[in-house]
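Please consider how this protein is packed inside and how it holds its ligand. The explanation takes these two topics in turn.

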Amino acid sequence: MKRISPENKLIRKIGRIADRNNVSAYLVGGYVRDLIMGKEGNDIDIMVTGDGIEFAKYVAVEFGKELDSVYKNFETALLMKDGIKIEFVSARKESYNRGSRKPDVEHASLEEDLSRRDFTINAIAAGINENNFGEVIDNFGGLQDIENKIIRTPLDPFRTFDDDPLRIMRAVRFASRFGFEIEENTFSAVREMAHRLFEEGVVSRERITNEFLQILMTDKPSIGLDLLYRSGVMEIIFPEIAELEGVDQRKDFHHKNVFYHTLIVVDNISQRTDDLWLRFAALVHDIAKPRTKKFIEGTGWTFHSHEEVGARMMKNIFKRMKLPMNKLEYVEKLVRMHLRPIPLAKEDVTDSAIRRLAAEAGEELEDLLTLCRADITSKNPDKVSKFLDNYDRVEKRILEVQEKDELRNFQSPVRGDEIMELFGLEPGRVIGEFKHRIEEAILEGEIPNDYEAAKNYLMSIKDEVLKH
Ligand code: ATP
Ligand code: MG
């Protein structure tokens, strides 16, 4: 018999409270799964046979706290303790009415409860009472599936996804997060049931989008995005991304597959940032390529203005997917500007070109350059390092120009009052002239930016300036 040994002291305590109240309590869900995979989490799910909310109340009293929330309909209660989220739930079975994801909930045995869970890796329980502490209950081969890196439903996958189509998104999310494969029959069901995600009133857009964004937050989002594409889910939830797949061929010219290019860009950027919206911008940066695509005789494939058209597509996409509108402008800007730094990587670029980019990108400049770096997907490592060096150079130039610009707003270290006093002058044009000459000398690097040097320089130009 497999045992686990949770480190968290709260679990022992809850187990003892269960003993005193004659309740059978179990660890379930993600906490057990993650522990088996070698990682102890901060979300503890406790299932009790009997009344979960009632038991949660006992625990709250013993911890000297109130319950943080109670969901009567779902028979769950939440208790926060020392930064740990403890969720109590009654063992239950569910029966579904087609057309609604709201199940009727009924008390049930441990076995019945485990069987209604989404995946075998999430359907493992472990006792926490004195007599069975740490003993694993694995009725559906979840341990084996963790070992083999497989996502599989405990019962018939078609039925499972039909009952709650959000599980389709969850299957892809877990596969992407852990780098697991979706078992063949389960994947067939994902494909066949994908349309259920689109049926009115079954799953809310917010919940689908929430899962989608979580997929984007995994270490290697391409796994999940590719699964969404191959299962037909992408076409339903984000058709513009699905459209990126495909390559047109005209005579000897074909362009690269934008979908697979995009996946690499998203993986690249995910190695550089955990910022969800920067990752999202990477996902959509080439989104208008299919609709701007043109074959031009003698030139080949072009995607003229795809960055502008792409930026303009964002608003509708944000609305439809119920994405937070306060992120719209940021994503639009990155899409619109994603090509701009490329020509600036040349040797002979003027300060003013650099300055314009920096001014337009504003706060987003660093993120823009991160996106550009991630956008390099050449398979030739020499080229990649050359292109990366180019962006390093752009970044350096920007810093240089900004430093200079800061100097432009600075003032001569020798003040006007002092100049007037030194030379016995009245306020007027010539004072400005002295100051300007000192500032220029500093900007040109002729003298250092300090008082002593400025004063010496002032004396050296005195006669020349006063002469006219
Ligand atoms: P995470 O680490 O992302 O929180 P989790 O497995 O803990 O992963 P939760 O959404 O917190 O996922 O749900 C806790 C448990 O409840 C799951 O492990 C699973 O057993 C069950 N569960 C959650 N959502 C569903 C669902 N839609 N259908 C069936 N079982 C579900
Ligand atoms: Mg959880």
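The paragraphs below begin with conventions, then turn to the cores and the ligand.

The model is predicted, with local features requiring pLDDT of at least 70 and side-chain atom pairs counting only at pLDDT 80 or more, while totals for chains, interfaces and linings use all residues. Residues are numbered from 1 along each chain as its sequence is written, chains are lettered from A and ligands numbered from 1 in the order in which they are written, and side-chain values use heavy atoms, without hydrogens and water.

A nonpolar core is a set of buried Ala, Val, Leu, Ile, Met, Phe, Trp, Tyr and Cys residues joined through side-chain atoms within 4.5 Å, where buried means under 20% relative accessible area (1.4 Å probe, protein chains only). The largest such core comprises 119 residues, and F212, F238 and F280 have the most contacts inside it. Leaving aside residues up to four places away in sequence, F280 touches L213, L216, F238, F318, L323 and V331 (heavy atoms within 4.5 Å). Another core, of 18 residues, lies apart from it and includes F434, I447, A453 and A454.

Ligand 1 is surrounded by 14 residues, of which R33, R117, D164, R167 and R177 are the closest (a heavy atom within 4 Å of the ligand). This shell divides into 10 charged, 3 polar and 1 nonpolar residues (Asp, Glu, Lys and Arg count as charged; Ala, Val, Leu, Ile, Met, Phe, Trp, Tyr, Cys and Pro as nonpolar; the others, Gly among them, as polar). An oxygen atom of ligand 1 lies 2.9 Å from an N or O atom in the side chain of R170, and a polar side-chain atom of R173 is 2.9 Å from an oxygen atom of the ligand.

Definitions and conventions: Buried < 20%, exposed > 50% of the residue type's maximum accessible area, 1.4 Å probe, protein only. Polar contact = N/O pair within 3.5 Å; in protein donor to acceptor, adjacent residues only side chain to side chain.
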